[in-house]
Amino acid sequence: MSASLPLCRPLSTGRPLGVAAIGYAFMGKAHSNAWRNVGSFFDVPAFEQRVLVGRDAVAVAFAAGKYGWAESATDWRSVISRDDIDIVDICAPGWMHADIAIAALEAGKHVLVEKPLANTLGEAELMATAAALARERGVQSMVGFNYRRVPALALARELIAEGRLGTVRHVRAAYLQDWLSDVETPMSWRLRKETAGSGALGDIASHAIDQIQHLTGQTVTEVTGTLRTYVAERPGPSGLENVTVDDAAWATLGLTGGVSASVEASRVATGRKNSLKIEIYGSLGSLTFDLENLNELGFLDATLPVREQGFRRILVNEPEHPYAAAWWPQGHIIGWEHTFTHQIRDFLCAIRSGEAPSPSFDDGLQVQRVLAAVEESARNRSVVTGVETGPLELIQVSSTSGAEEVGTRR
Ligand code: SOE
């Protein structure tokens, strides 16, 4: 096992942990695959895939059989009240996160919820409070920013923490997809504010924002943002329907330790499929990462003689690299889906050890603050500061015209 991963012994105390997953679409499938495989590659506490929950009884029963769940159900409230359920894995759309997570935590269940934490800052605050109260009773919670578990990004964080980049000055992150480029692509829950909260901003810029804070160890405090919707109407069940979220988002971020960052996210970047590119520039070196080549990390060591400097490609598949020892021999690369297995391995180990899982709901709340600040900045054409302070703080909102006004953010 990699030196950077604490051992997680499969303790034999008590019965296996009972797991329920809520949602069986894209994320439900990715999480089910991870639950099914984690025990084959990692030493984890015993668990059982008990129930898969979905609203369509026939469809969720079919999915449960296919994805290895013992049974299926259509009522999440009855499932989370069961004594044989210890873990609730929320893979449902964002508008359901708060209700399910808070109820599950109050019922004493450990909760893993997909990113972003919530659809609104208000919901995220309630979830973080519920998680803090539950944690006092030994109930764990985690938000699924799974890219923290890409071995190359975990290695990047280790190198930064070791000082190999010196003082990190600025970070560039661009998460570009094109699955909405075609104007004929129909409406879905991801395109309605009431079900998704936001568009590219919450869906994919949230990953970039979490990475920027996680890699640097610093917190976003200042935000300037822009949002754009290019395709205003899409085919819905009863004709053309208004799209009420962004297609693309941009943000300039200032962080507490002096790092500056730029974030770009688009789901209409024609030709880009799932391209999260991150570049980190420091006084002694730089790092580059591309999710479409997720086994590789580019590293420039500026302490070398200039004649020898250049970005070298680290193939992050050595046993010494995070998570890599659990899989295959050197060079047998892994994929996007393995990050979910790593995520569930870490969640199970945190449940058994009692250590707080990361990212926590507080981490998820901080990302939500940044998302809300981007929306506010885009709405008011303003610079939003004091982002990390909290829900109802008086914040400085200086419009781009320079006029100072103080507002209260909800
Ligand atoms: C869609 O844009 C999406 O599925 C995101 O919701 C996921 O978080 C990301 O991992 C892949 O793209």
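**Exercise 1.** In which helix does H207 lie? State also whether H207 is buried or exposed.

*Solution.* Start with the ground rules. This is a predicted model in which local features need pLDDT of at least 70 and side-chain atom pairs count only at pLDDT 80 or more, while totals for chains, interfaces and linings use all residues. Residues are numbered from 1 along each chain as its sequence is written, and side-chain values use heavy atoms, with hydrogens and water left out.

Step 1. Helices (H or I, at least four residues) and strands (E, at least two) are DSSP runs, numbered from the N terminus. H207 lies in helix α8, residues 200–216.

Step 2. Buried means under 20% relative accessible area, exposed over 50%, and partly exposed in between (1.4 Å probe, protein chains only). H207 has a relative accessibility of 5%, so H207 counts as buried.

Step 3. Contact means heavy atoms within 4.5 Å. Not counting residues up to four places away in sequence, H207 touches K115, F145, N146, Y147 and Y175.

**Exercise 2.** Find the strand that holds V168, and list the contacts of V168 beyond its neighbours within four places in sequence.

*Solution.* Step 1. V168 belongs to strand β7, residues 168–176.

Step 2. The relative accessible area of V168 is 10%, and therefore V168 is buried.

Step 3. With neighbours within four places in sequence left aside, the contacts of V168 are I160, T216, V259, I280, Y281 and G282.

Step 4. V168 and T216 are 48 residues apart along the chain, yet their C-alpha atoms are separated by 7.3 Å.

**Exercise 3.** How many residues of helix α6 are buried?

*Solution.* Step 1. Helix α6 covers residues 151–161, and eight of its eleven residues are buried.

Step 2. These are P151, A152, L153, A154, L155, A156, L159 and I160.

Step 3. Just after α6, G163 has a positive phi of about 85°.

**Exercise 4.** Which residues touch the most other members of the largest nonpolar core?

*Solution.* Step 1. A nonpolar core is a set of buried Ala, Val, Leu, Ile, Met, Phe, Trp, Tyr and Cys residues joined through side-chain atoms within 4.5 Å.

Step 2. The largest such core has 116 residues, of which L253, I280, L287, L297, L348 and F361 touch the most other members.

Step 3. Apart from this core lies another, of six residues, among them L180, M187, V245 and V268.

Step 4. Leaving aside neighbours within four places in sequence, F361 is in contact with residues including A101, L105, V111 and M142.

**Exercise 5.** What is the volume of the largest pocket, and which residues are the closest to its centre?

*Solution.* Step 1. On a 1 Å grid over the protein atoms alone, a pocket is an open set of points with protein on both sides within 12 Å along at least five of seven lines; lining residues have an atom within 4 Å of a point. Grid points are joined across faces, edges and corners, and a volume is the space filled by probe spheres set on the points.

Step 2. The largest pocket has a volume of about 850 Å³. Of its 43 lining residues, F26, M27, C91, W189 and R190 are the closest to the centre.

Step 3. The largest share of the lining, four residues, comes from α8.

Conventions. On a 1 Å grid over the protein atoms alone, a cavity is a set of points where a 1.4 Å probe fits but cannot get out, and a pocket is an open set with protein on both sides within 12 Å along at least five of seven lines; lining residues have an atom within 4 Å of a point.
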